[in-house]
Amino acid sequence: MSRIGRMPITVPAGVTVTVAEGNVVTVKGPKGELSQALRPEMIIKQDAGVLTVERPSDDKLHRSLHGLTRTLLSNMVVGVSEGYKKELDVNGVGYRVAKDGKNLVMNIGFSHQVIVSEIEGITIDVPAPNKIVISGCDKQKVGQFAAEVREKRPPEPYKGKGIKYADEVIRRKVGKTGAKK
């Protein structure tokens, strides 16, 4: 039995979960509303504020879908109740970011400013000129958007300049050595 798949999901107060025909799950909470169509063969049971996921058989496909389905459901419940956020750091001389309305304006060493617009369900916050906080209720959207912002100028290994995740460690390389005599 899948260790992750058999764990129950406790639904916090203020969050409603509805399972429609064909395993279309809608989760509503204080941070927003998420809806996702999960695989119809998985069995999702809901009783007294607890969600459980069961599989119909022990064949390989159902075993692999068991933990996945439970994790997707759990991510939806946590997203609408607490939300997700990714923090990015901007390192480099003259590199800075600012918020202009719904746009993120970045000066990251190019001859032009790089402008990224907020998408639906994602909010960008700039608490400092070298820090970006991306938050939202959909874990996948938050992670994808953060990856796209980081992609504009990924960190380089010699000086560590670029945009990196706050918890990311950059493996540094040594530069050139002096001329040999």
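My entries follow, beginning with the ground rules.

**Ground rules**

I am working with a predicted model, in which local features need pLDDT of at least 70 and side-chain atom pairs count only at pLDDT 80 or more, while totals for chains, interfaces and linings use all residues. Residues are numbered from 1 along each chain as its sequence is written, and side-chain values use heavy atoms, with hydrogens and water left out.

**Entry 1: the record**

I checked UniProt, where an unreviewed entry lists "domain: Large ribosomal subunit protein uL6 alpha-beta" for residues 11–83 and 92–165. UniProt positions are given here in the numbering of this model, feature names are shortened, and annotations may be inferred rather than shown by experiment. For residues 11–83 I noted 30% helix and 36% strand, with the end C-alpha atoms 14 Å apart. For residues 92–165 the figures are 18% helix and 42% strand, and the end C-alpha atoms again lie 14 Å apart. Helices (H or I, at least four residues) and strands (E, at least two) are DSSP runs, numbered from the N terminus.

I looked up S64 and found it in helix α1, which covers residues 60–81. The S64 side chain reaches the backbone oxygen of L61 at 2.8 Å. I also noted G5, which is 59 residues from S64 in sequence but 9.5 Å from it in space, C-alpha to C-alpha.

N75 is in helix α1 too. Its side chain joins that of Y84 in a polar contact of 3.4 Å. A polar contact is a pair of N or O atoms within 3.5 Å; within protein, one must be able to donate a hydrogen and the other to accept it, and residues adjacent in sequence count only if both atoms are side-chain atoms. Leaving out residues up to four places away in sequence, N75 touches Y84 and K139 (contact means heavy atoms within 4.5 Å).

**Entry 2: a three-stranded sheet**

I traced an open sheet of three strands, in the order β8-β9-β10, with antiparallel pairing. Two strands pair if DSSP finds at least two bridges between them. Which strands stand at the edges? They are β8 (96–100) and β10 (114–117); each has a single partner strand, so one side of each lacks a neighbour in the sheet. On average, neighbouring strands here are turned by 20 degrees against each other, direction ignored (axes are lines fitted to C-alpha atoms, for helices over the stretch in contact, and angles run from 0 to 180 degrees between N-to-C directions).

Strand β9 (residues 103–107) pairs with β10 over four bridges. Among them, N103 has S117 as its bridge partner, and M106 has V114. The two strands form a hairpin with six residues between them, and G109 in the turn has a positive phi of about 90 degrees.

In a regular strand the side chains alternate between the two faces of the sheet. For β10 I wrote down V114 and V116 on the covered face, and I115 and S117 on the uncovered one.

**Entry 3: salt bridges**

Side chains of opposite charge can pair when their charged atoms come close. I used this rule: a side-chain nitrogen of Lys or Arg within 4 Å of a carboxyl oxygen of Asp or Glu. By it, the count comes to nine salt bridges.

- K85 and E87 meet at 3.4 Å, N to O. K85 counts as exposed at 56% relative accessibility, and E87 as partly exposed at 29%.
- D89 and K131 meet at 2.7 Å, N to O. D89 lies in strand β7 (residues 84–91) and K131 in strand β12 (residues 131–136), so the pair ties together parts that are 42 residues apart in sequence. D89 is buried at 16%, while K131 is partly exposed at 25%. A network of salt bridges links D89, K131 and K164.
- E118 and K102 form a salt bridge, with the closest N and O atoms 3.7 Å apart. E118 is in the loop between β10 and β11 (122–128) and K102 in the loop between β8 and β9, 16 residues apart. E118 is buried at 17%, whereas K102 is exposed at 60%.

Definitions and conventions:
Buried means under 20% relative accessible area, exposed over 50%, partly exposed in between (1.4 Å probe, protein chains only).
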